[in-house]
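Subject: Structure handover

Hello,

The structure is below, followed by notes on what was found in it. Please read the notes with the coordinates open.

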Amino acid sequence: MSRTAETGGTAKPGRGQLFIVSAPSGTGKTTLIERLVRTVPGLRMSRSYTSRPVREGEQDGVDYQFISRAAFEERIARGAFLEWADVFGNYYGTSRDDTERVLAGGEDLVLVIDVQGARQVRALGLVHTAVFVLPPSAAILEQRLRGRSRDSEEQIRRRLDVARDEVADASSYDYVVINDEVDPCVERLRGIVAAERARIARMRDEIDRVTCTFRSDA
Ligand code: 5GP
């Protein structure tokens, strides 16, 4: 995949910022990011496509865009995904067009994707900020996975094995947040978004607007 004029290069004023959040399964990232986007204006959570079956309580078009494996593969073939991955035997991917539409519209977007997807976004050279959410420990992650009692023993073992590989990637991200308690963790995420929004490259228009009021002929 190639880096495009719209998505590559440096930050552009007026264009939304791209955030990536990765975390091992069971870390509670969906709860965190749902709270984050509810309380931060101008920030949206991306809705991924997946080939996995709908779980109880989930809604098509709300939690994910649920499509068949064949439909997913057809989308892969025509390059419709910015990134995609096979996670626990199911496909998950981020639509290239949906991402572009939100960013071009000036809103910031959070992709909640696994480490394979995050690596693809990095390889594309897209301007983004990557945040890794760590559980407080392996034992607490295991407790949380057992607590939600959705998975078989074998699935829990598999998720813990995958988590071990994923946490090894944490130091390649820009920020790390430990999900010990929800509220303080959301607060730290809000701080990261605020810091990224205040970067000089993002503030060029504001800087010009204020500095020109200091001109003697203003
Ligand atoms: P779940 O099936 O539990 O909702 O999600 C399983 C895993 O898939 C999570 O680690 C989640 O971050 C990841 N995931 C969800 N959407 C995407 C996506 O669009 N791309 C990638 N690469 N991973 C995703």
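A polar contact here is a pair of N or O atoms within 3.5 Å; within protein, one must be able to donate a hydrogen and the other to accept it, and residues adjacent in sequence count only if both atoms are side-chain atoms. One such case is Asn179, whose side chain reaches the backbone oxygen of Thr27 at 2.7 Å. Asn179 lies in the loop between strand 9 (175-178) and helix 7 (182-197); helices (H or I, at least four residues) and strands (E, at least two) are DSSP runs, numbered from the N terminus. With a relative accessibility of 4%, Asn179 counts as buried (buried is under 20% relative accessible area, exposed over 50%, partly exposed in between, with a 1.4 Å probe and protein chains only).

The model is predicted: local features need pLDDT of at least 70, side-chain atom pairs count only at pLDDT 80 or more, and totals for chains, interfaces and linings use all residues. Residues are numbered from 1 along each chain as its sequence is written, and side-chain values use heavy atoms, with hydrogens and water left out.

Ligand site

There are 15 residues around the ligand, and Ser48, Arg52, Tyr64, Glu83 and Tyr92 come nearest (near means that a heavy atom of the residue lies within 4 Å). The shell divides into 6 nonpolar, 4 polar and 5 charged residues; Ala, Val, Leu, Ile, Met, Phe, Trp, Tyr, Cys and Pro count as nonpolar, Asp, Glu, Lys and Arg as charged, and the others, Gly among them, as polar. Strand 5 (81-87) and strand 6 (90-95) each supply at least two residues of this shell.

Polar side-chain atoms lie 2.6 Å from a ligand oxygen in the case of Arg52 and 2.7 Å in the case of Ser48. For Thr94, an N or O atom of the side chain is 3.4 Å from an oxygen atom of the ligand. On its own the ligand has 510 Å² of accessible area, of which the protein covers 92% (Shrake-Rupley method, 1.4 Å probe).

Other residues

Phe88 is in the loop between strand 5 and strand 6. Its phi is near 50 degrees, a positive value in a residue other than glycine. Most residues other than glycine have a negative phi. Phe88 is partly exposed, at 24% relative accessible area.

Asp108 is in strand 7 (residues 108-112) and is buried, because its relative accessibility is 7%. Its side chain reaches the backbone nitrogen of Gln17 at 2.6 Å and makes a polar contact of 2.7 Å with the side chain of Arg197.

Regards
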